[in-house]
Amino acid sequence: MGHKAKLVDESGQFATSVESWPSIVITKEEIEREVERLADEPRPANGRRATSMVHPMAQAPGLGLAPGIDAHIEVLKPGESVRVSRSNGSAVGTCIRGQGAARIGTSCFGIEKHDVWNVPSMHPVFYENNGSDLLVRLTFSNRPMLEKLMVFYGEEADDAKISEAWFETVAQDAPAGPRAKDSAPIVPIEGGGFLMPYEHLVDPDTVENRALHWPWSVVEPRLNAVRGIGEGYTGRRLYILYNPATERRNGTTHSFFASIAAYPGDVVDRPHRHSSAAINYWFAGSGRSTVNGEKLFWKAGDLMLSAPGWSIHNHASGPDGFYSLTIQDHPLMIATESLIWQETMKDPIKNLGTQIGFQTNISELV
Ligand SMILES: [Fe+2]
């Protein structure tokens with residue numbers, strides 16, 4: 001029996017913006033309790049002790065802390081490792097306790113507290129805890145978006161041969177010799193468009209993307225430069241952990257940037273909004289945020305849906321300032337030409353990536 005499409009009359013209607021989820025804080029204490037609970041359970045067959053922190057308004061498919069971003073706590077006890085896996089999602093990872101080792105595609109590195117790294121799509125991933133404490137990671141991925149589109153693909157390697165084959169696949173160079181598209185010319189047509197043969201459709205140009213590692217020991221001293229920008233700065237005191245594979249989309253993965261902010265005490269940012277959604281992990285200090293008119297207080301170790309897409313928000317540092325890791329689906333929004341932004345509520349709405357963006361007063365302060 002065939003399915004029949006519904007015909008929905010939208011005459012005279014016009015879609016405007018939709019409501020956003022309320023902001024939410026998951027406290028350090030809640031996260032620590034969950035870490036202990038995961039560590040106390042028997043080891044699962046694939047080694048993955050993990051909990052997804054799901055927003056109460058999220059609906060399957062695609063459960064996440066923001067509509068397009070999931071947030072997982074992942075725990076390994078000393079000596080434990082996970083079964084190798086891969087998926088067509090991409091992720092940012094950070095370590096919040098302990099130490100371990102990661103092997104992601106061709107990249108191998110040690111991980112320590114506050115380190116950050118990216119996990120490219122379809123790269124095999126392996127983690128082990130080689131320390132004496134629990135290894136606790138937070139992982140943020142675009143899986144909710146892929147599940148909503150009903151195209152998430154994931155698999156685990158159930159034997160060592162398969163996992164080695166996956167790692168080798170990532171390491172292979174492009175095949176030498178001509179490609180079919182070299183024999184299938186693109187035809188320009190009047191007005192700027194082109195006619196492009198099928199050979200290009202199935203063999204697009206590639207951009208190398210590998211797992212990059214931002215060790216905290218390297219990043220922390222560099223943060224003094226943004227923390228120390230003079231008073232009255234109209235921008236935000238942060239560095240994006242930039243992966244050049246994301247090119248002009250300024251990302252860490254093709255979906256998210258991860259940025260680390262370092263604020264001195266008693267700085268209040270101006271209210272603004274953007275269609276990209278943001279999750280903050282506050283890892284030192286304290287502060288408060290106002291999101292859609294609601295005040296939320298937070299401290300080191302709390303995780304927060306800090307900017308539901310298109311919500312007016314600002315953050316303010318407490319007396320000792322703060323450090324935070326922000327995960328924001330900004331590159332995804334640029335790629336889809338959907339990144340609308342208002343830097344202050346008096347500014348016009350700009351479509352970033354398609355027009356000149358906002359300017360800060362940095363030139364007066366350096
Ligand atoms: Fe923001």
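**Notebook: cavity and pockets**

I began with the largest cavity, and its volume comes to about 30 Å³. I'm working from a predicted model here. The count gives one cavity of 30 Å³ or more. I looked up who lines the largest cavity and found Thr94, His114, Val116, Tyr281, Phe283 and Leu325. By class, that lining has four nonpolar and two polar residues, with no charged ones.

Next, the open spaces. The largest pocket holds about 860 Å³. Its lining runs to 37 residues, and Arg236, Leu238, Phe257, His330 and Trp341 sit closest to the centre. I checked which elements give two or more residues to this lining: strands 15, 16, 18 and 21, plus helix 7. Strand 21 supplies the largest share, six residues. I sorted the lining of the largest pocket by class too and got 15 nonpolar, 18 polar and four charged residues.

I placed His330 in helix 7, which covers residues 330-335. Is His330 buried or exposed? Its relative accessibility is 10%, and buried means under 20%, so His330 counts as buried. Leaving out residues up to four places away in sequence, I noted that His330 touches Arg249, Ser255, Phe257, Ser276, Leu339 and Trp341.

Last, I turned to the second largest pocket, at about 720 Å³. Of its 25 lining residues, His123, Thr206, Val207, Glu208 and Asn209 are closest to the centre.

Definitions and conventions. Residues numbered from 1 in each chain as written. Predicted model: local features only at pLDDT ≥ 70, side-chain atom pairs only at ≥ 80, totals over all residues. Heavy atoms only, no water. 1 Å grid on protein atoms, 1.4 Å probe; cavity = no way out; pocket = protein on both sides within 12 Å on 5 of 7 lines; lining within 4 Å. Points joined across faces, edges and corners; volume = space filled by probe spheres on them. Nonpolar A, V, L, I, M, F, W, Y, C, P; charged D, E, K, R; others polar. Helix = DSSP H or I, 4+ residues; strand = E, 2+ residues; numbered from the N terminus. Buried < 20%, exposed > 50% of the residue type's maximum accessible area, 1.4 Å probe, protein only. Contact = heavy atoms within 4.5 Å.
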